[in-house]
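Here are my notes on this one, written as numbered points. Keep the picture open while you read.

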Amino acid sequence: MMIITKSSDLKVEQREASRRTISCVASSRHKHDRQNSQSVHDDGAEELINLNLLVGIKLKNEPMMLELTAPVYVTGDIHGQFSDLIRLFSIVGWPPKVNYLFLGDYIDRGNWSIETISLLFAIKLKYPLNFLLLRGNHETPTVNRIYGFYEDIVRRFSNPRLFMVYQDVFSMMPLTALVSERILCMHGGLSPILLNNDISILKQIIRPIVDPPNPSLAIDLLWSDPDAHVQGFKTNIRGVSCTFGPDCVATVCEKNKLDLIVRAHQVVQDGYEFFANQKLVTIFSAPHYCGQFDNAAAILGISKELVCSFQILRPQFPERAKTTSEPTQLTVYKKL
Ligand SMILES: [Mn+2]
């Protein structure tokens, strides 16, 4: 399934793609500052709408559960931390040099949501087969209306359509990915529905889903959290979806012959954190999150042989010059 796009001058192409995106959103900032008026002008909104429409078609044609083959790098929450995303690509490799699977939450919280989602969508458009984007809970209108994305859009663009165009694209994003038949990935976590069904049910979720109902399989995949003190499923203190215990992870893995579940959705101090006897790992890829945490970010590398390792991005404080480290932990998941 995973096909690496071949090109002789990939780096040049990539730089051009990102520069175009940046110049488009930068021009919106500049023009807004200069004119600060309601008049209709070319603020880049039309170009972003076109980008969204094209990406929407790509996403719509993907299966609801992506099935891919390692090697791949799995990335957690980004939350508008554009410069950290650039740092991540610089360290791990610019697409399409390596395969990427992102686990959602591209926007909100950070200051550069539009730049972040635009760059990711531009790369998705150029390299759709080895640059894969799952949906996070922030890629839903009830959330991104409140946590920054909507305000970014209305402040910088005069086109009222733009916000809803983004929601249309988000409603088409796949919710899960299965790597080499052994590693299941999603943004949030497990659902009680997975106790009584095998994971093929994940392929049957119907799109578009603008705002997933609570409760539902879709909302659990986007919102649920592991909790070591829980057995089975319990109400989540977030007020949405549920929490699940290590026993649920063991059951779902055993039933579906899975080695590992990879999810994002929670800040973890080292950028990654294991749960349930290393059957589940949380990945978070926004270092120094919101400027309020001193967490590192991590990217999970899964080799062709299903050896998992973590690339760590340290927060960039002046007193801590170290920006990355060697892979810290190796866990071998053998294919049977
Ligand atoms: Mn989240």
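1. A nonpolar core is a set of buried Ala, Val, Leu, Ile, Met, Phe, Trp, Tyr and Cys residues joined through C-beta atoms within 7 Å. Buried means that 20 or more other C-beta atoms lie within 10 Å of a residue's own; 12 or fewer is exposed, in between is partly exposed, and C-beta atoms are placed from the backbone. Here the largest such core has 93 residues, and Val74, Ala177, Cys185, Ile283, Ala298 and Leu300 have the most contacts inside it. Helix 4 (residues 113-126) gives the most to this core: seven residues.

2. Some ground rules. The model is predicted, and local features need pLDDT of at least 70, side-chain atom pairs count only at pLDDT 80 or more, while totals for chains, interfaces and linings use all residues. Numbering starts from 1 along each chain as its sequence is written.

3. Now the whole chain. You'll find nine helices and 16 strands, taken as DSSP runs (helices H or I, at least four residues; strands E, at least two) numbered from the N terminus. Of the 336 residues, 47% count as buried. Contact means C-beta atoms, placed from the backbone, within 7 Å. Take the contacts between residues at least 6 apart in sequence: 70% of them join residues at least 24 apart.

4. Which residues does isoleucine 283 touch, leaving aside its neighbours within four places in sequence? They are Val74, Thr75, Gly76, Leu103, Val262, Ala264, Tyr272, Ala298 and Leu300.

5. Have a look at helix 2 (residues 45-60) against helix 4: the angle is about 50° and the axes are 9 Å apart. Axes are lines fitted to C-alpha atoms, for helices over the stretch in contact, and angles run from 0 to 180 degrees between N-to-C directions. The pair is therefore oblique (under 35 degrees is roughly parallel, over 145 roughly antiparallel, 65 to 115 roughly perpendicular, the rest oblique). Among the residues making this contact are Leu48 and Leu51 of helix 2 and Phe121 and Ala122 of helix 4.

6. Helix 2 also packs on helix 7 (residues 161-170), at about 15° with axes 9 Å apart. That makes helix 2 roughly parallel to helix 7. This contact includes Ile49 and Val55 of helix 2, plus Leu162 and Val165 of helix 7.

7. Asparagine 197: buried, exposed or partly exposed? Partly exposed, because 16 other C-beta atoms lie within 10 Å. Asparagine 197 sits in the loop between strand 6 (183-186) and helix 8 (217-223). Lysine 255 is 58 residues away from asparagine 197 in sequence, yet 9.1 Å away in space, C-alpha to C-alpha.

Technical notes
Two residues are in contact if their C-beta atoms, placed from the backbone, lie within 7 Å.
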